Every structure is written in C-alpha cells, then in structure tokens.
Amino acid sequence: MRYFKEKENLLKNTEELTKIVQRDFPNDIDEINFFAKELQDISFNVLCIGDFSSGKSTFINNFFLEEKVKLPVRATTTTAKLTIVKYGDTLKVSAIMKDKSKVEIHENVEESLREMIAAKGSKIDEVDFVEVEIPSTILKEGVVIVDSPGLNDPETERMGITFDFINQADCVLYFLNATQAWKKSEKEFLEEKILNKNDLDKVFFLLNYWDTIETEDERSEIVEYVNDEIKKSIDIVKEKLNFSNIDTPPLVPISSKTGENFEALKIKLFSYLTTKKAQEILEQKNKKLYEYIDNFLIKIENKEKLIQKNRDTLNKEQAHYKQELAQYESQVIKSKQRVKKAIANSY
C-alpha cells in the first residue's frame, strides 16, 4: 500500500539525517531520535461511541480483538471508563490510576477488566482509564481502539470525557441500534457534537444488530429512513453554521454478533485510514522532517563559515609569522656577517 511505502521512505530519510546529526551535532540527537520514534509509533485513534447497549464492546471483541480477550459486556452496566486497546506482542492489561500510577494485570484478566471499567465495578473510582495491549493482526497496522462510556450515561463527567475525545480521534464509529434506530438523543448528539465539526468525513455510522432484521424489505426501509434522517440533520447544520459542503457519512449495517458485513466495513475503514487520514499524518511528518533538515543545513552553513573564518585567520597569522621569520632570518644573517667581520679584524 502507498501509505506503508511512504512511511518506509520517511523512516529511511530520518535514519540518514540521524547519522549526520550524530556525527556533526551530537547535542541535538535526542530531538531526532524522538522524531524517529514518533514515526515508528504512528497510530490511528478509532473512537467507538453510541448509546449503552448499542453493541460497541461486542463489536470490538469480535472485529478487533479476534476473541483473544473480551471487554466486559453486560446487560445491566455500561463501560464507565475509556478503554484504550492497542497492539502488543503479548496480552497485557494496565489500569492507569487517578494518581498517575500504573497497575498491570496478569491474572484473571477479564474479571479484572470488569472490575476496572464496568460502572458498578468495585475499583471504578480509583481508575482514570484502562489500556489493553493484544497481539491482534488488525491492530498491528497502528490502529488504536477507544471504547467509550455510553452516550446515554447519566454521569455527565463520563459523557464529557467522550465528547472531549471526539476531537482527538482520527476516526469515529457511531453505533446505532437497528431495532430502534435514530432516537432523539442520537439526532441531538449528531447535530450538536459531531456535525458542527469540520472533519465530519471521519465518522462512520454502524447500524448494529442487523441480524435481528429478518426481511429484505425491512432492511431497505431502515437504511433509507436512517440515511434520510442523517441528511436532514446535515441540512439543519449547514443552514445553522453556514457550511457549504458536508458529505453524508457512510452508513454500514453490521451484526456484532454474527460478523455480518465485517469484511465490507474493514475495507471501507482501512481505505479511509491508510489513504486520506494517513496522507494527512505523513504530510505533517514530512513537513516536520524538512524543517529539521532546513535547520541543520543552516547549522552546517554556519559551521562552514566559522571554519572558513578560522582558516582565513590562520592564513593571515601564518603569513604574518612567515614575514616575522623572514625578518629574523635576515637579522641573523646580518648578525653573523658583523660577527665574522669583527673576528676577522681582531685576528
């Protein structure tokens, strides 16, 4: 893929720059090493949002985690803490506590996760957020999943955390329940928290529980209805904020339970992440690399000027010393002649 090739070229160029900096400007090597690590760690934050019971956690378990470990799924509780899921060579779960300490979980992982992130967990008040590292093939390409509290969570603080993360996300998967799609709360959230952003193109609507909609007629009606409602909301925001161009986000019917349409979603999602979003990220990194190169070119020029200045100074000093030496040599010759003449006169 183009993204991976461009990233590889960027890493090679950074490696060449690192060699030059190591040799000529060792005091600046930490800055370049940090940039190189940033390149290695390029990731795409995929935020999963939706009302409680919209099927987010089940989707993450089946789509991204490949059943290696399961996030808590219950009918009576919500995900109360942000759960960040990323690639790791081995399964590792860490709870980042409110006092900034980190607690690693090695045993009874799923039960411990339930205690850490479920709304009624016994340790919920102590935890800030949870990190899960897992050897998933999908996550290996740099995808980082963020499972958020439900949008209908009664705790405003938890809702606020989700709202804040929308701006940081590279992609937003917005879950709708196909059996009761487009509730008033979903419409209001879309219009107030998402559609007024300039990056609406990062939103994917997922019409979940598709396996429960049995007939093709029902399915067609639901898709048509939800698409129409999304377009109405877009028109409202266009007029309200005077936006001229807002494309309708894709609507993908899926079943978190059966995996229906997972492959179609995977193609759409990775096409977006590795083309448009990846290009934006690589352009930023390329720009930063060229800024480093320009900066070091200036330093090299200044160093050359200083060397030339020192060389000119040395040449002048050398010429001066040669002149003095010639004078000394002339004086020595004259002194020798005087001494020789005096000796000759005396004897």
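This is a predicted model: local features need pLDDT of at least 70, side-chain atom pairs count only at pLDDT 80 or more; totals for chains, interfaces and linings use all residues.
**Overview.** I started with the whole chain. I found 8 helices and 9 strands. Of the 347 residues, 41% are buried. I then looked up contacts between residues at least 6 apart in sequence; 76% of them join residues at least 24 apart. The accessible surface comes to about 20200 Å², and 49% of it belongs to carbon and sulfur atoms.

**Salt bridges.** I counted 15 in the structure. I looked at several.

K19 pairs with E16, with the closest N and O atoms 3.7 Å apart. Both sit in helix α1 (residues 2–24), 3 residues apart, so about one helical turn separates them. K19 is partly exposed at 48% relative accessibility. E16 is partly exposed too, at 46%.

Next I checked K86 and E131, whose closest N and O atoms are 3.8 Å apart. K86 is partly exposed at 26%. E131 counts as buried because its relative accessible area is 14%, under the 20% cut-off.

In helix α7, I found E229 and K232 about one helical turn apart. Their side chains form a salt bridge at 3.2 Å, N to O. E229 is buried at 14% relative accessibility, whereas K232 is partly exposed at 47%. I also noted a network: E38, K285 and K288 are joined by salt bridges that share partners.

**Negative patch.** I found E214, E216, D217, E218, E221, E224 and D228 forming a negative surface patch. I looked up E218, which lies in helix α7 (residues 216–241). E218 is partly exposed, at 39% relative accessibility.

Notes: Residues are numbered from 1 along each chain as its sequence is written. Side-chain values use heavy atoms; hydrogens and water are left out. Patches are made of residues with over 30% relative accessible area and no salt bridge: like charges are joined within 9 Å, nonpolar side chains (Val, Leu, Ile, Met, Phe, Trp, Tyr) within 5 Å. Accessible areas come from the Shrake-Rupley method with a 1.4 Å probe; for residues, only the protein chains shown count as cover. A salt bridge is a side-chain nitrogen of Lys or Arg within 4 Å of a carboxyl oxygen of Asp or Glu. Lys and Arg count as positive and Asp and Glu as negative; His and the chain ends are not counted. The place of a charge is taken as NZ of Lys, CZ of Arg, CG of Asp or CD of Glu. Helices (H or I, at least four residues) and strands (E, at least two) are DSSP runs, numbered from the N terminus. Buried means under 20% relative accessible area, exposed over 50%, partly exposed in between (1.4 Å probe, protein chains only). Contact means heavy atoms within 4.5 Å.
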